[in-house]
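The sequence and the structure are shown first.

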Amino acid sequence: MPIPNYVILRELRKLHLRSSQDLVDDSLRGWSWDRPPLRPRAYLGLSVSEVTSYCPTRRDTWLRRMMKIYPESNDTLKTGLLVHELIHKTIKHVRKYLAINDNPWDVYRDVVEEVVGSAEIPESIRSWAVQLVKYIAIQLVAEASWSSVGDGINPWLSWISEVRVDGSLLGLSKNLRVDALTGSNIVVDFKLSKPYENHKLMITAYAMVLEANLEVPVDYGLIIYINGVGSSLNIKVESLCISSYLRKDFIDARDEVIDMVLGEREPPKATSCNPACPFKNYCGVA
Ligand code: SF4
């Protein structure tokens, strides 16, 4: 979701300092997909979540790939899908309405009405979801108003959401979706959970895939944590450099998954499982 430009600029200043101490070697840029270490041993069309699995033994990937068992939906997954839909629709509708209406408050009102009215929101999280849509819409409309030139609003909005990218050059799926990309080429991922280490690997994967597709450096990422579901909206931003270390970790994780699938070794059940794991019934985990 859009966050104010001053927050992005503040985070970018910190990141510039960090990245100047870790210059990324060309061999770790996405555009070096045709040679080691980026060239994958096999092209399996892996999803980013398969490579960055939250399951300590990667059993979820095994179950999906080798046993053809599909994850069961649960409330956490459903809320995640709904939130991504609300964010995407709000960004899209603000862009559309700003192009035809130069009154920011009309745009704000119309977008909130349309997005909330067209989504199927469970009653238990309705007021929280409305807060979320209002928050995104107000950020975008305010940003557009401040950047207005002459008499009208400048309709340029720097965020694009649900960006489709082809990850196949790096052994990933052809149909990846990046949550958002800012005008300054910062890759953005939205999360409805507390921070986990694998979130950094996910955003690294997207950054490297973007580099492979666009042939421009993607050095920074923002993970936006959206929490307080069902009560009051709580948003935190974590900024990170897509460092050499993260890039190597992503390559190692991808190669481990490829080896596991090619080696046909069934991973054991984990001793500590994520309570929201959609395979827990199959694994018999409480
Ligand atoms: S229930 Fe546990 S072992 Fe099974 S896939 Fe999920 S996290 Fe892995």
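Between which two elements does the loop that holds Glu215 lie? Glu215 is found in the loop between α7 and β4 (220-227), where helices (H or I, at least four residues) and strands (E, at least two) are DSSP runs numbered from the N terminus. The model is predicted: local features need pLDDT of at least 70, side-chain atom pairs count only at pLDDT 80 or more, and totals for chains, interfaces and linings use all residues. Residues are numbered from 1 along each chain as its sequence is written, and side-chain values use heavy atoms, with hydrogens and water left out.

## Overall fold

The chain contains nine helices and five strands. Along the sequence their order is α-α-α-α-α-α-β-β-β-α-β-β-α-α. The radius of gyration of the chain is 20 Å, close to the 19 Å that the globule rule gives for 286 residues, so the chain is as compact as a globular protein of that length. That radius is taken over C-alpha atoms, and the globule rule is 2.2 Å times the number of residues to the power 0.38. The C-alpha trace spans about 65 × 45 × 30 Å along its principal axes.

Of the 286 residues, 49% count as buried; buried means under 20% relative accessible area, exposed over 50%, and partly exposed in between (1.4 Å probe, protein chains only). Among contacts in the chain with a separation of 6 or more, 70% come from residues 24 or more positions apart, a contact being heavy atoms within 4.5 Å.

## Ligand site

The ligand sits in the largest cavity. On a 1 Å grid over the protein atoms alone, a cavity is a set of points where a 1.4 Å probe fits but cannot get out, and a molecule sits in a cavity if more than half of its atoms lie within 2 Å of its grid points. The elements that give two or more residues to the shell around the ligand are α3 (59-65) and α9 (280-283).

The residues that surround the ligand are Cys55, Arg59, Asp60, Lys269, Ala270, Cys273, Cys277, Phe279, Lys280, Cys283 and Val285, each with a heavy atom within 4 Å of the ligand. This shell divides into seven nonpolar, no polar and four charged residues. Here Ala, Val, Leu, Ile, Met, Phe, Trp, Tyr, Cys and Pro count as nonpolar, Asp, Glu, Lys and Arg as charged, and the others, Gly among them, as polar.

Cys283 of this shell lies 42 residues from Cys241 in sequence and 36 Å from Cys241 in space, C-alpha to C-alpha. Cys241 itself is placed in strand β5 (residues 234-241) and, at 13% relative accessibility, counts as buried.

## Selected residues and their contacts

| Residue | Relative accessible area | Contacts |
|---|---|---|
| His93 | 10% | Val111, Glu114, Val115 |
| Thr52 | 2% | Asn198, Leu201, Met202 |
| Tyr196 | 38% | Tyr225, Asn274 |
| Met67 | 39% | Trp62, Tyr282 |

His93 is part of helix α4 (residues 75-100), whereas Thr52 belongs to the loop between α2 (48-51) and α3. His93 counts as buried, as does Thr52.

Tyr196 occupies the loop between β3 (187-191) and α7 (197-214) and is partly exposed. Met67 and Glu266 are 199 residues apart in sequence and 9.9 Å apart in space, C-alpha to C-alpha.

## Backbone features

Most residues other than glycine have a negative phi, and most peptide bonds are trans. The peptide bond from Pro36 to Pro37 is cis, with omega near 5 degrees, and Pro37 lies in the loop between α1 (5-19) and α2.

Two residues other than glycine with a positive phi are Arg58, near 65 degrees, and Glu215, near 60 degrees. What is the accessibility of each, buried or exposed? Arg58, located in the loop between α2 and α3, counts as buried at 13% relative accessibility. Glu215, by contrast, is exposed, with a relative accessible area of 53%.

Technical notes
On a 1 Å grid over the protein atoms alone, a cavity is a set of points where a 1.4 Å probe fits but cannot get out, and a pocket is an open set with protein on both sides within 12 Å along at least five of seven lines; lining residues have an atom within 4 Å of a point.
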